[in-house]
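I'll jot down what I look up as I go.

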Amino acid sequence: MAAPGENLRINGERLWDSLMEMAKIGPGIAGGNNRQTLTDEDGEGRALFQKWCEAAGCEMGLDQMGNMFAWRAGEDPDALPVYVGSHLDTQPTGGKYDGVLGVLGGLEVIRSMNDLGIKTKHPVVVVNWTNEEGTRFAPAMLASGVFAGMHEQAWAYDRQDADGKSFGAELERIGWKGEEEVGARKMHAFFELHIEQGPILEAEGKDIGVVTHGQGLWWLEVTLTGKDAHTGSTPMNMRVNAGLGMARITEAVHRIAMEHQPNAVGAVGQANVYPNSRNVIPGKAVFTIDFRSPDLEKLTSMREKLEVEAARIAEELGLGIEIEPVGHFDPVTFDEGCVGAVRDAAERLGYSHLDIVSGAGHDACWINRVTPTAMVMCPCVDGLSHNEAEEISAEWARAGADVLFHAVVETAEIVG
């Protein structure tokens, strides 16, 4: 297939303006964003995205999980579409670029194709996947997981947030539940542009990360049950302290991850104790362990060791314990052809690049199971993400979107 000429570039200024405009919706308290999935702010961001897509001549589709699909027709009515996109939802204290760059970078591909009069054999479709973050409704990448057949739709609808509100009810409430069957769409390929969310590209002075693999993940929700008691009048040897159990298991998580080096990580990032009163010994603790590795054997071993260790700690302290997996995917190997298209695009455009493994989970990890998939990454300052101080440069955004543009257009096959 013919490659686009190296002179073809996206409009970097327009992309940056779009990022800044979207960031006005659901502003955080420290310069970032709080546009959590299925909130009113999420609905407002979706409406702006749809407005922009329709202005670019796209037809918007919407499925029963709220996934949005902006369709630009191809010249061959029988050719499967090339999909490109990411997510618009954010963490409670999220940045302006995580996920959003991939969606608006995809829109910029469409806009640039229009500007340059590019026609392709395959349609090109920009997608906004629902609930990638998983912070309000676990697990992460929920809607792309349903699309790829990894989760049952009814199960996804029943996921609840901290206030007991269900995913299905909130999707209907904000008015973004479509009629289209989830997963009915067939794809020729899928590309996702994302900030690295790590420090490697910036440290190495590289413009582009060519993502070859994605780490596997286990999220394990632990519930420890002890006994509420007065902190001042309960003797130390008579306490059944769920908070102490959580502390010891948290330490064990760190040690287990260190024992599986290199290429393994683990931490407790979400934790709650009950009744959460300063003068009550916690009678209950609920927390989530996050283990990741690109090595399946290590990932499995960390979970197994943690389950044994946590049970021992609970027994020693007289605590009840339950461990429930609330998120999982195996390590991912992205499609060689799509990865090659990304690498070739970076070479053609003169951008320095590096093969990397994604440390975070992305919708591409699920979509890779149903169609050839690859990811493009750009640096972020100090590797900081899931933080309102998350930052990238306009030049990094432009370079990533340029590579995305070339990889998508080449895969969609230029006509004429």
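This is a predicted model: local features need pLDDT of at least 70, side-chain atom pairs count only at pLDDT 80 or more; totals for chains, interfaces and linings use all residues.

I started with tryptophan 129, which counts as buried because its relative accessibility is 1%. My cut-offs here: buried is under 20% relative accessible area, exposed is over 50%, and partly exposed is in between (1.4 Å probe, protein chains only). Residues are numbered from 1 along each chain as its sequence is written, and side-chain values use heavy atoms, with hydrogens and water left out.

**Aromatic rings**

I then looked for ring pairs. Rings of Phe, Tyr and Trp (its six-membered ring) pair if their centres lie within 6.5 Å; planes under 30 degrees apart are stacked, over 60 edge-to-face, and the rest tilted. By this rule I get 9 aromatic pairs. In one of them, phenylalanine 69 and tryptophan 129 have ring centres 5.9 Å apart and planes at 90°, so I noted the pair as edge-to-face. It links distant parts of the chain, 60 residues apart: phenylalanine 69 is in strand E2 (residues 68-72), and tryptophan 129 is in the loop between strand E5 (124-128) and helix H4 (142-147). For the labels, helices (H or I, at least four residues) and strands (E, at least two) are DSSP runs, numbered from the N terminus. Phenylalanine 69 counts as buried too, at 0% relative accessibility.

Next I checked tyrosine 157 and phenylalanine 167, a stacked pair with 6.4 Å centre to centre and 20° between the planes. Tyrosine 157 lies in helix H5 (residues 153-157) and phenylalanine 167 in helix H6 (residues 167-173), so the pair ties together parts 10 residues apart in sequence. Tyrosine 157 is buried at 16%, and phenylalanine 167 is buried at 0%.

I also wrote down one aromatic cluster, formed by Phe69, Tyr83, Trp129, Phe147 and Phe190.

**Charges over rings**

A charge sits over a ring if NZ of Lys or CZ of Arg is within 6 Å of the ring centre and within 35 degrees of the ring normal. I found arginine 303 over the ring of tryptophan 218, 4.1 Å from its centre. Lysine 284 does this with tyrosine 274, at 5.5 Å.

**Binding sites**

I looked up the UniProt record, an unreviewed entry, which puts a "binding site" at His87, Asp98 and His194. They are spread over 108 residues of sequence but cluster in space, with a largest C-alpha distance of 9.8 Å. The record also places a "binding site" at Asp98, Glu133 and His386. Those are spread over 289 residues, yet the largest C-alpha distance is 9.6 Å.

Is aspartate 98 buried or exposed? I got 5% relative accessibility, so aspartate 98 counts as buried. It is found in the loop between strand E3 (82-86) and helix H3 (100-116).

Then I went through its polar contacts (pairs of N or O atoms within 3.5 Å; within protein, one must be able to donate a hydrogen and the other to accept it, and residues adjacent in sequence count only if both atoms are side-chain atoms). The aspartate 98 side chain makes one with the side chain of histidine 87 at 3.4 Å, one with that of histidine 194 at 3.0 Å, and one with that of histidine 386 at 3.2 Å.

Histidine 194 lies in strand E6 (residues 189-195) and is buried at 1%. Histidine 386 is partly exposed, at 41%.

Key: UniProt positions are given in the numbering used here, feature names are shortened, and annotations may be inferred rather than shown by experiment.
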